[in-house]
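Let's learn to read salt bridges together. Here is the structure we will look at.

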Amino acid sequence: MATFRPEHLNPAARRQRPVLLLMLAFFALQLLIFFAFRAVRPPPSPASPSSAAAAAAAVPALASPPARRDENGSSCGGGLVYVYDLPPAFNSDLLAMCASLAPMYSLCPYLANDGLGLPASGSSGTTNLSSLMPPELLGSWYASDQFALEHIVHRRLLSHRCRTADPSRATAFFVPFYAGLAVGRHLWSPNATDADRDRDCLALLSWLHARPWYQRSAGWDHFIALGRITWDFRRASEEAWGGSFLTMPGAANLTRLVIERDPWDGMDVGVPYPTGFHPRDAAEVRAWQRHVLSRRRPRLFAFAGAPRSAIRGDFRALLLGECQAACADACAALDCAEGKCIRNNALVMELFMGARFCLQPRGDSFTRRSLFDCMVAGAVPVLFWRRSAYRQYGWYLPVGGGREEEWSVFIDRDKLRAGNLTVRGVLAAIPEPRVRRMRERVVGMIPRLVYSAADGGEEGLGGGMEDAVDVMVDGMLRRAAEQRSRWQTT
């Protein structure tokens with residue numbers, strides 16, 4: 001049955017349809033122009049703010065401009081940091097146990113010199129870098145342990161330019177609890193219980209919750225450095241691995257500066273693993289940058305790591321096979337089995353300093369100290385998991401808007417497993433001028449990735465150069481200011 005459509009009562013209205021169509025076309029053209037201009041992005045800012053909806057899962061990133069300089073030239077315009085003076089049971093007493101903190105070896109040599117470790121130029125034989133650099137650069141190198149973050153950060157903050165001894169003037173509060181040492185000493189003990197692994201953490205929270213400055217904010221402006229990966233503090237069930245510090249209700253509001261973060265916990269902030277490079281001033285950093293940029297690099301890529309033969313389809317074994325297939329003039333590999341690379345990190349640095357790229361698969365967890373050894377050596381990291389860097393270190397590594405491609409290469413591991421590409425093929429296809437630009441970008445990032453050994457100097461490295469702790473402080477001061485609305489009452 002046909003549908004009856006009456007004629008419009010006003011015949012002139014029908015004549016207006018072409019006009020209406022023209023108007024619609026005009027507005028559509030305006031929208032196209034608007035979105036075309038929006039697609040032309042301005043140069044990326046140092047960090048992009050994440051949306052509120054994804055805040056918990058997003059990598060913490062600095063959304064604000066660099067901290068302002070005050071009238072004394074100090075970059076503490078965002079506020080000051082108060083460092084708690086904890087009972088010695090929570091830090092210095094743990095250091096005194098260094099010989100028994102780990103089952104495999106004594107940590108005493110690695111925790112010497114306020115956590116930096118023994119000097120690389122010493123006579124102990126712990127490290128030997130003399131063949132890799134001029135003698136004047138050796139003084140910046142130490143045999144540092146990858147889990148020494150807590151002690152290193154504590155030392156730096158005690159003399160930091162943004163520290164205050166008056167808690168009433170503080171914007172942020174640092175809690176120097178060496179949780180990694182406290183929990184780590186029980187991780188491999190066959191007789192240790194869940195209660196053993198949690199005892200020190202519970203005692204710390206009990207002490208902290210009694211402090212008036214913690215009570216004022218419920219911990220929203222407090223932060224802690226953790227020298228182990230976040231998963232070591234997130235025991236999933238009874239008798240499972242690790243402690244439960246970060247799942248305790250009393251720790252919920254603390255910001256955790258951790259060498260590997262939980263991407264789904266917005267209170268975790270990823271910070272660099274300690275490497276062996278601890279410069280005392282900006283001049284030492286610049287000398288090192290010049291050295292690694294000018295060094296001859298005969299190999300295309302390198303890989304340091306131990307295969308995991310017990311793991312079916314071990315990806316590290318695949319990369320070792322790729323390296324062997326590429327021949328010696330294209331790739332060199334270092335088998336780090338039995339702790340070889342831990343005991344002598346100079347072997348790793350020698351390897352990376354002779355290559356333009358270094359392969360960085362996931363380790364026992366998603367991150368590795370090797371990523372930062374690679375970058376300090378002036379090589380470009382090649383990644384296979386985004387959680388190994390891009391979703392970890394938002395305060396330190398440029399991410400978003402394609403900025404990852406300025407300093408790293410990402411290879412699809414599934415395509416590599418399937419044989420659809422090779423590591424050598426991907427890396428050899430990158431034009432040499434671009435490789436040079438990538439290496440220059442990596443070397444330019446070195447200051448912010450290392451922990452300075454500045455001896456009590458309030459300006460740290462000096463010369464306007466920031467190290468990893470300066471970045472940490474600026475980020476935490478900004479974060480504390482942003483969190484203030486959560487707890488501050490009028």
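Q: Which residue forms a salt bridge with Asp265?

A: Here is the general idea: side chains of opposite charge can pair when their charged atoms come close. This is a predicted model, and in it Asp265 pairs with Arg234, their closest N and O atoms being 2.8 Å apart. The two sit in distant parts of the chain, 31 residues apart. Asp265 lies in the loop between S5 and strand S6 (268-270), and Arg234 in the loop between S4 and S5.

Q: Are Asp265 and Arg234 buried or exposed?

A: Buried means under 20% relative accessible area. Asp265 has 16%, so Asp265 is buried. Arg234 also counts as buried, because its relative accessibility is 16%.

Q: Which other residue forms a salt bridge with Arg234?

A: Look at Asp268: its closest approach to Arg234, N to O, is 3.1 Å. Salt bridges with shared partners join Arg234, Arg256, Asp262, Asp265 and Asp268 into one network.

Q: Where in the chain are Asp198 and Arg235?

A: These two side chains meet in a salt bridge at 2.6 Å, N to O. Asp198 belongs to helix H7 (residues 194-209), while Arg235 is in the loop between strand S4 (222-226) and strand S5 (255-258). Asp198 is buried, with a relative accessible area of 8%, and Arg235 is buried at 14%.

Q: How many salt bridges are there by this rule?

A: The count comes to 20.

Methods: Residues numbered from 1 in each chain as written. Predicted model: local features only at pLDDT ≥ 70, side-chain atom pairs only at ≥ 80, totals over all residues. Heavy atoms only, no water. Salt bridge = Lys/Arg side-chain N within 4 Å of Asp/Glu carboxyl O. Helix = DSSP H or I, 4+ residues; strand = E, 2+ residues; numbered from the N terminus. Buried < 20%, exposed > 50% of the residue type's maximum accessible area, 1.4 Å probe, protein only.
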